[in-house]
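Reader: I have a new model open on my screen and would enjoy a friendly walk through it. Could we take it one question at a time?

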Amino acid sequence: MRKNELALLPKLPLLITESADEFEALRDAFEREIKPQGIIEQMYVDDHSSIVWDILRLRRCKVVIINSAFRSALEHLLVPLLKGPGQYDHEVQHKAQALAHAWFTDREAEKQVSQTLNRFDLDESAIEAVAIRRSFSDLELLDRMLTSLESRRNKALRCVAEYRASLAHQLRESADRIIDDKGVLTLEDASSKKPTAA
């Protein structure tokens, strides 16, 4: 690719935690698949690569949002399960907090949480459910963003196909005009009228 063509391409759309090598591998895969011809198709490939990268990033974010809600979800879930008859939430709040915090690193706490959940016919999927429910507004926003990006991705692919179809049509029309009898005569006339040396 020429230097002036490189100047038209966007800079890598990476966060500081993301890998330039992984992005380049993704873009290279799209280049091998689409085989861009010229700068316009290359711009479509780069645009498509950036959109797909954004989609992958948002999908990772959805998982991180849910995972980061696990501790508070577990605490929220444990409070009513730890309460005895006649007890109030604030009386078991500290125990629920401590247990939820320890659940990530302490085998004994993990076992105690599992036993508490089992007493109410629940398992760890209950924690997931509460984490998702408590993250719902963030997840809903991400889903809207993903829908928009997926629509842009599909449009970018259609643009490549439409551009190629349009270019192929223009080339066919040009070829038809050249092959046309008048076109051939015009070319022959033009070649026979070479300027004479002065």
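Author: Gladly! One term before we begin: helices here are DSSP runs of H or I with at least four residues, numbered from the N terminus. Please keep in mind that this is a predicted model.

Reader: Where does D121 lie, given that helix numbering?

Author: The elements to look for are α6 and α7, the latter covering residues 125–134. Helix α6 takes in residues 107–119. D121 is in the loop between α6 and α7.

Reader: Is D121 buried or exposed?

Author: A residue counts as exposed when its relative accessible area is over 50%. For D121 the value is 74%, so this residue is exposed.

Reader: What is the phi of D121?

Author: D121 is a residue other than glycine, yet its phi is positive. The value is near 55°.

Reader: Which loop holds K35, and is K35 buried or exposed?

Author: K35 is not a glycine either, and its phi is positive at about 50°. Its loop runs between α2 (20–34) and α3 (38–68). With a relative accessibility of 52%, K35 counts as exposed.

Reader: Is T116 buried or exposed?

Author: T116 sits in helix α6. The cut-off for buried is under 20% relative accessible area. T116 has 2%, so it is buried.

Reader: Which residues does T116 contact, leaving aside neighbours within four places in sequence?

Author: A polar atom of the T116 side chain lies 2.8 Å from the backbone oxygen of Q112, but Q112 is set aside here as a neighbour within four places. The contacts that remain are L78, L81 and L82.

Key
Residues are numbered from 1 along each chain as its sequence is written. This is a predicted model: local features need pLDDT of at least 70, side-chain atom pairs count only at pLDDT 80 or more; totals for chains, interfaces and linings use all residues. Side-chain values use heavy atoms; hydrogens and water are left out. Helices (H or I, at least four residues) and strands (E, at least two) are DSSP runs, numbered from the N terminus. Buried means under 20% relative accessible area, exposed over 50%, partly exposed in between (1.4 Å probe, protein chains only). A polar contact is a pair of N or O atoms within 3.5 Å; within protein, one must be able to donate a hydrogen and the other to accept it, and residues adjacent in sequence count only if both atoms are side-chain atoms. Contact means heavy atoms within 4.5 Å.
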